[in-house]
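User: I want to go through the labels used for this model and see what each one rests on. Can we take them one at a time?
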Amino acid sequence: MRIVKPLTLPVSLCCILSILVLGCTEKKNATAVEKSANLVNPEDWPSIKPLPLDPAIEAQIDELLPKLTLEQKVGQVIQADNGSVTPEEVKQYRLGAVLSGGNSAPGPLPYADTKTWLEMADKYYNASIDDEGVEVAIPCIWGIDAVHGHANLTGAIVFPHNIGLGAMHNPDLIEQIATVTAHELTVSGHDWTFAPTLAVPQDVRWGRSYEGFSEDPEIVRSYADRIVYGLQGRFGEEDFMGAGRVISSAKHFLADGATEKGVDQGDALISEEELRKIHAAGYYSAIPAGVQTVMASFSSWQGRKLHGDKDLLTDVLKGQLGFNGFVVGDWNGHGQVTGCTNTDCPQSLNAGLDMFMAPDSWKDLYESTLKHVKDGTVPMERLDDAVRRILRVKMASGIFTKGAPSTRKNAGDESLLGLPENRAIARQAVRESMVLLKNNGGVLPLDATKTILVVGDGAESISKACGGWTRSWQGVGHTNDEFPNSESILDGIREAVHKAGGKVIYSANGDARVAADVVIAIYGEDPYAEFQGDRENLDFVPNGFDVNTLAEFQSQGIPVVSVFLSGRPLWSNPEINLSDAFVAAWLPGTEGGGISDLLFQRDPSFDFTGRLSFSWPASAVVSKDSEPLFKLGYGLTYKNSATVDQLSENSGLENNAIASTGEFFSKGAAVAPWGLWLRSGDLNKQIASFPTSVGGLIISKIDHEAQEDALRIKWTRSDHDQMRINAASPSDMSRQANGAMELTFSARSFKASDVVVQIGMCSENSSCDQFLDINIAANDWSEYRISLSCFANLGVDMTKVSSALMITAGEGVDIGLSNIRLESDIDAKPGCDGK
């Protein structure tokens, strides 16, 4: 890499240069962008010739821009979440876009049916084109995370997550999948999907690993343009952005898959060469394919937050790579830029961000951005450039001429969802994504005329087979009734076996004692999304199904076939040893029949063609130098006679501390590394046994959902003594606070009436004297939720949380407390009162 030493310039010369480049301002911090000693060399990046601009569109923009008020222009660069903005506000503030986050949908649920989506789409659109008070009105666009199908729309197809699609190695099929997704998005009236994800995950402890196609940049590059074609059509052809097409967004620029230890929204401490050659690979095909928007990454490179990195957003992306669409932010990602908050960040706009994604912060951000343009902190040229780019994409999409969403082709026609030919595409994707890791003795394919015992909690649950970003952000708690036009893995097996004359017995827990010819066990990870899926290690911890029951079947000589559901490769040596055949099925989605197609080879042409797009770990401990158990590209077929010998069951975790992942107190005990402490004045005491006391505070164990799984806390005097959940080392909860996480617990008052307690959190080296009043109801246990942002607003440094919970109360208060944890905001409505 060429190293350039930065010049040291006199202050006066710096001022002159700043006037020439950014416009005169005395607000040094406001105009700063993320910098470090690691300079970017744009000329070292591939040079991509920009796609030709449409002269008619550019002329239309030239005519339109002077007619827009300053307030309209500022509105265009802001996107609000539908859970936090009304159609009237879209009109009042002339917002450029609306989004629906993973938990945001019109109505009471995090997803909605066609009619509900379309009615709201019309309201936003019609409000945006109402020209009352302005010379010309600009239609807004509505975006959503349709990352593996339109998974927040009832009846739409949910495809395998990207990690499975990467194992297909089939660009033609990936384009068909994107085409179907676009088609179903137009049924609900959406204009824009935040896809494709072009991350190249290098550490699968990252909670978003399943959103990446592969650790191999060439696989990502081979898919990127084909997804853009499927969503938007081919640039320059008549079908481009035509009926049945939507705007796409390549994300997240850049290196979100390279963060240290796989920490979501973390820091990629890699060279510019690695950044350029590995993590930008997908953009080298997506940009020439005409992708209309690029989403900036939450993460950092060498300490520089991407939302504020002018070198990468402007000089590289818009300059060297020739991108002439617009750059959109991620969920309040601008607020993480140095010197910024969620409601005030001219730095991002100056760095090259064109549209803020400000889901719940949009109103105050609008006001601060308007102020910064007026006083020159944001140059008018920069604002006009951002608005020009946004208008360019909107005009190319046809939004100015398509009419209201309900009037467009496909809109509102539920019969177009889950079409048989489109479900067949999804089923093919399931077949091609499955990777056969073990098939000792040629157990597969199975004979469907036999007696088949199916076990495991993943067999019947469509939700578990779909994973996160399905029906809701985290994808948990959904029943099969919420998945019309779908088939569970169990139903697919039943259909295949019954058709052949065999017999299926289902025992979710595997406790059925029956004479079976073979056992199919379907189990794996529960759904998760984003940072909630971050892990400290790669040890698969069985949940929902006791895999040890498989040993009993083996001891009886009954062959065991494991179908493993996961969003990443996991250390699963014990499970592989307990299986005669082991299939990595990833997160296959709503076409569970694709699993049975291969297990029983329902067509002579069917075989395992899936090959690992991520290497499979030989240890639960991540090490860049360790050899994988199964290498990138590995995968068996029916005819491959390779035998997998008994594997070591030493996980490598014996000497590694396992940190808590969002639980603080569960099943009657604090969850490591957290512990229970009592505080009275200057006295701190760790709880070692029960009952225990300090000052006027008495703590004992009681029953809630199980024996002694809860605490009973009683204050006998008015000194406001505290119970705390502390850790020896501070924990960074900034991502959780920004990501709408809530401190959640169950509680009740043992008094006849409600009582008030004070709840707080504490950060390292702070006074820890700020609390929220929470009303605890009498008699029955209830769940209470407090948004982490409430504690941040009290002044808690969420990057250094030392006490996850502090609780105090007045004399006579007597409460029960249990299940203290972090959970996602289920209704996307931040609250500080516990309700």
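User: How many aromatic pairs does the structure hold?

Analyst: The structure holds 23 aromatic pairs. Rings of Phe, Tyr and Trp (its six-membered ring) pair if their centres lie within 6.5 Å. This is a predicted model: local features need pLDDT of at least 70, side-chain atom pairs count only at pLDDT 80 or more, and totals for chains, interfaces and linings use all residues. Residues are numbered from 1 along each chain as its sequence is written, and side-chain values use heavy atoms, with hydrogens and water left out.

User: What makes the pair of Trp192 and Phe326 edge-to-face?

Analyst: The angle between the planes. Planes under 30 degrees apart count as stacked, over 60 as edge-to-face and the rest as tilted. The planes of Trp192 and Phe326 stand at 75°, so the pair is edge-to-face. Their ring centres are 5.5 Å apart.

User: Which parts of the chain does the pair link?

Analyst: Distant ones. Trp192 belongs to strand β4 and Phe326 to strand β10 (residues 326-328), 134 residues apart. Strands here are DSSP runs (E, at least two residues), and helices are runs of H or I of at least four, both numbered from the N terminus.

User: How do you know that β3 and β4 pair?

Analyst: Two strands pair if DSSP finds at least two bridges between them. Two bridges join strand β3 (residues 141-144) to β4, and the strands run parallel. Ile144 stands opposite Thr193 in β4.

User: Which strands stand at the edges of the sheet that holds β4, and why is one side of each left without a neighbour?

Analyst: The sheet is open, has five strands in the order β4-β3-β2-β1-β11, and its pairing is parallel. β4 (192-193) and β11 (356-357) are the edge strands. Each has a single partner strand, so one side of each is left without a neighbour in the sheet.

User: What is the order of the open sheet of three strands?

Analyst: The order is β6-β8-β9, with mixed pairing. β6 (267-268) and β9 (304-305) have a single partner strand each, so they stand at the edges. β6 is joined to strand β8 (residues 300-301) by two bridges, in parallel. Asp267 is opposite Ser300 in β8.

User: Why is α3 called oblique to α15?

Analyst: Two packed helices are described by the angle between their axes and the distance between the axes. The axes of α3 (residues 55-64) and α15 (residues 380-397) come within 10 Å and cross at roughly 130°. Axes are lines fitted to C-alpha atoms, for helices over the stretch in contact, and angles run from 0 to 180 degrees between N-to-C directions. Angles under 35 degrees count as roughly parallel, over 145 as roughly antiparallel, 65 to 115 as roughly perpendicular and the rest as oblique. That makes α3 oblique to α15.

User: Is the crossing of α3 and α15 left-handed or right-handed?

Analyst: Right-handed. A crossing is left-handed if the near helix is turned anticlockwise from the far one by less than a right angle, and right-handed if clockwise.

User: Which residues meet in α3 and α15?

Analyst: Contact means heavy atoms within 4.5 Å. Ile57, Glu58, Gln60, Ile61, Asp62 and Leu64 of α3 meet Arg388, Leu391, Arg392, Met395 and Ala396 of α15. The residues of this contact divide into six nonpolar, one polar and four charged. Ala, Val, Leu, Ile, Met, Phe, Trp, Tyr, Cys and Pro count as nonpolar, Asp, Glu, Lys and Arg as charged, and the others, Gly among them, as polar.

User: At what angle do α8 and α9 pack?

Analyst: Helix α8 (residues 171-188) and helix α9 (residues 217-232) pack at about 30°, with their axes 7 Å apart. The crossing of α8 and α9 is right-handed. Their contact includes Pro171 and Ile174 of α8 and Tyr223 and Arg226 of α9. It divides into eight nonpolar, three polar and three charged residues.

User: What pairs with β23?

Analyst: β22 (residues 692-694) is joined to β23 by three antiparallel bridges, with Ser693 and Ile698 as bridge partners. Strand β23 (residues 697-702) also pairs with β24 (residues 710-715) in the antiparallel sense, over six bridges. There, Leu697 has Trp715 as its bridge partner.
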